[in-house]
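Let's take a walk through this model together, starting with a term we will need and then turning to the ligand, the rings and the backbone.

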Amino acid sequence: MEEFFELINKRQSCRKYLSKLVEKEKLVKCIDAARMAPSACNSQPWHFVVVNNSELAPKVAECLQDKIMNKFTSECPAFIIVIEESGNLTSRAGALMKQQDYRSVDLGIATEHICLAATEQNLGTCILGWFNEKELKKLLNISKLKRIRLVVAIGYPENYDIRKKVRKSIDEISTFIE
Ligand SMILES: Cc1cc2nc3c(=O)[nH]c(=O)nc-3n(C[C@H](O)[C@H](O)[C@H](O)COP(=O)(O)O)c2cc1C
């Protein structure tokens with residue numbers, strides 16, 4: 001129980017990476033953790049492209065940054081690209097009937113599983129929602145018809161100091177009805 005909360009506290013956005021390459025087995029474990037994530041109607045509407053290649057990673061980084069954002073990704077050795085798949089018929093029908101975006105929710109949960117699995121293996125991560133989707137699809141040969149929803153930067157952190165989390169209080173974010 002304590003270990004779970006410690007893991008949550010240890011996970012933080014890492015924006016400084018060592019150039020050290022990430023072992024493939026560790027990345028496979030991250031994908032396995034994503035695979036175990038819950039999804040609406042068990043639809044599993046995801047595909048993950050894992051870039052762990054010293055020539056390709058800087059090219060991916062170029063698609064993630066502009067003048068202001070995500071400059072730090074240039075130093076990052078690996079990325080997991082989170083692609084939305086269409087999912088199964090029941091989840092699509094449910095989303096339509098209930099006017100809910102289950103697929104984005106599912107991808108968010110799976111992405112956090114990736115980050116926690118990486119943290120457990122002493123890797124640092126940063127979830128990225130700011131990227132040039134068109135260029136990234138072109139670079140990785142991903143169909144124009146698909147959506148890339150998130151990218152996870154992943155690698156060995158330059159340091160392991162845990163920052164204090166800046167978060168709203170429990171009272172601000174919750175209402176208990178007893
Ligand atoms: C959907 C999403 C998109 C994000 N996009 C970016 C991004 O493009 N660049 C970045 O540096 N951080 C990005 N972040 C990281 C957040 O800034 C970070 O999670 C938040 O400030 C809390 O800090 P912590 O992760 O260190 O706890 C993103 C996080 C999420 C969940």
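## A term to start with

A residue counts as buried under 20% relative accessible area, as exposed over 50%, and as partly exposed in between. Please keep in mind that this is a predicted model.

You will find Cys41 in the loop between α2 (24-35) and β1 (46-51).

## Around the ligand

Which residues come nearest to the ligand? There are 15 residues around the ligand, and Ser13, Arg15, Asn70, Gly129 and Arg167 are the nearest of them. By type, the shell holds seven nonpolar, four polar and four charged residues. Strand β3 (residues 124-128) is the element that gives the most to this shell, with three residues.

The side chain of Arg11 places an N or O atom 2.9 Å from an oxygen atom of the ligand. A nitrogen atom of the ligand lies 2.7 Å from a polar side-chain atom of Asn70. Gly129 takes part through its backbone, with an N or O atom 2.9 Å from a nitrogen atom of the ligand. On its own the ligand has 620 Å² of accessible area, and the protein covers 62% of that.

## A closer look at Asn70

Is Asn70 buried or exposed? With a relative accessible area of 10%, under the 20% cut-off, Asn70 is buried.

Besides the ligand nitrogen at 2.7 Å, the side chain of Asn70 reaches the backbone oxygen of Trp130, at 3.0 Å.

## Positive phi angles

Most residues other than glycine have a negative phi. Against that background, it is worth looking at Cys41, which has a positive phi of about 55° although it is not a glycine. Asn70 is likewise not a glycine, and its phi is positive at about 60°.

## Aromatic rings

How many aromatic pairs are there? The count comes to two. Phe4 and Phe5 have ring centres 5.3 Å apart and planes at 75°, so this pair is edge-to-face, the angle being over 60 degrees. Phe4 counts as partly exposed because its relative accessibility is 45%, and Phe5 counts as partly exposed at 44%.

Trp46 and Phe48 form a tilted pair, with 6.3 Å from centre to centre and 35° between the planes. Both Trp46 and Phe48 are buried. There is also a charge over a ring to look for: the charged end of Lys20 sits over the ring of Tyr156, 4.6 Å from the ring centre.

The last stop is Glu133, which belongs to helix α6 (residues 133-140). Why does Glu133 count as buried? Its relative accessibility is 16%, and buried means under 20%, so Glu133 falls in that class.

What does the side chain of Glu133 lie close to? One of its polar atoms is 2.9 Å from the backbone nitrogen of Ile148.

How values were computed: Residues numbered from 1 in each chain as written. Predicted model: local features only at pLDDT ≥ 70, side-chain atom pairs only at ≥ 80, totals over all residues. Heavy atoms only, no water. Near = heavy atom within 4 Å. Polar contact = N/O pair within 3.5 Å; in protein donor to acceptor, adjacent residues only side chain to side chain. Areas by Shrake-Rupley, 256 points an atom, 1.4 Å probe, with all protein chains shown as cover. Helix = DSSP H or I, 4+ residues; strand = E, 2+ residues; numbered from the N terminus. Nonpolar A, V, L, I, M, F, W, Y, C, P; charged D, E, K, R; others polar. Phe/Tyr/Trp six-rings, centres within 6.5 Å; stacked < 30°, edge-to-face > 60°. Buried < 20%, exposed > 50% of the residue type's maximum accessible area, 1.4 Å probe, protein only. Lys NZ or Arg CZ within 6 Å of the ring centre and 35° of its normal.
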